[in-house]
Amino acid sequence: MDYKAIFFDIDGTLLDSEHKMLPSTKQVIDSLQKNNIKFAIVTARGPFGVRPLFKKYGFVCPMICYSGALIIDEYNNILKSEGISAEVTTKVISYIESCRINCTWNIYAEEMWIVNHINDRRIRTEEEIIDAKSTEGSVSILEKSVPVGKIWCMFDSNNLDEIICGIKQRFSDLSICRVDATSIEITANGVTKGSGVRYLCDKWRITTDKTIAFGDHYNDEQMLRTVGLPFIMGNAPADLKERFLNITKSNDDDGIYYGLRTIGLDF
């Protein structure tokens, strides 16, 4: 294979709509491990939301978490941890709460997952999906020395333009990405899935043009634009699929297996 590494988003990509790995996808992962082909997980999840997959499906690999803020190798060593300071995080949360818009926020800092409303049904659903537990608390319980990789805010309203504009005006060194109609992710500027891919490629001493990636959503776009051969999943939003040439099948229809077969890989 001319390509030296493959990068996989998790939700909507590596896992199907029931948050399980298809047999064909498991076959791909097993083959990559057997043939010593480098691959990595690139996700908005924290490491505690990735390790259960390693255990359930019997594989291990480096993981790029919080959309690029935290990178951990296959031996569970932290290679890179960057993000937002506890001080700035406090200011961001204070601003959001001052807007008087009902918001359930999540703060992720390495192995920590702090929420303000643990009984929110969306938090409970997320806990079930990733097989991990959040901690209810305030920003004050953050460890000052540990950077915040991601702030995820869930709103009851889908009219987020005003709050996004307000955050951008007050915190110009932060990046905001819509997750869906009612939630946003906030990270430090320059922290993207693409930056995480570049970091690992440098570590592996391979060029990004020799890499492949699979993704399905807007926060995957920078990763897909970084690699040499991007595949967008068939279940991706229509406007995102218009931006890429290689559209594979959906995450429920063997999309990863099919995509790699189109370039001649056999499993």
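## Sheet and strand pairing

Ile107 stands opposite Ile151 of strand β9; helices (H or I, at least four residues) and strands (E, at least two) are DSSP runs numbered from the N terminus. The model is predicted, with pLDDT of at least 70 needed for local features and 80 or more for side-chain atom pairs, while totals for chains, interfaces and linings use all residues. Residues are numbered from 1 along each chain as its sequence is written, and side-chain values use heavy atoms, leaving out hydrogens and water.

Strands β6 (residues 103–109) and β9 (residues 150–155) run antiparallel and are joined by six bridges; pairing requires at least two DSSP bridges between two strands. The open sheet has six strands, ordered β8-β7-β6-β9-β11-β10, with mixed pairing. Because β8 (135–136) and β10 (174–180) are at the edges with a single partner strand each, one side of each lacks a neighbour in the sheet.

## Helix packing

Helix α5 (residues 121–130) packs on the sheet and touches β6, β7 (112–115) and β9, where contact means heavy atoms within 4.5 Å. The direction of α5 makes about 160° with that of β7; axes are lines fitted to C-alpha atoms, for helices over the stretch in contact, and angles between N-to-C directions run from 0 to 180 degrees.

## Largest pocket

The largest pocket holds about 720 Å³ of space. A pocket is an open set of points on a 1 Å grid over the protein atoms alone, where a 1.4 Å probe fits, with protein on both sides within 12 Å along at least five of seven lines; lining residues have an atom within 4 Å of a point. Among the 32 lining residues, Asp11, Glu126, Trp152, Val179 and Asp180 are the closest to the centre. Helix α5 gives the most to this lining, with five residues.

How values were computed. Points joined across faces, edges and corners; volume = space filled by probe spheres on them.
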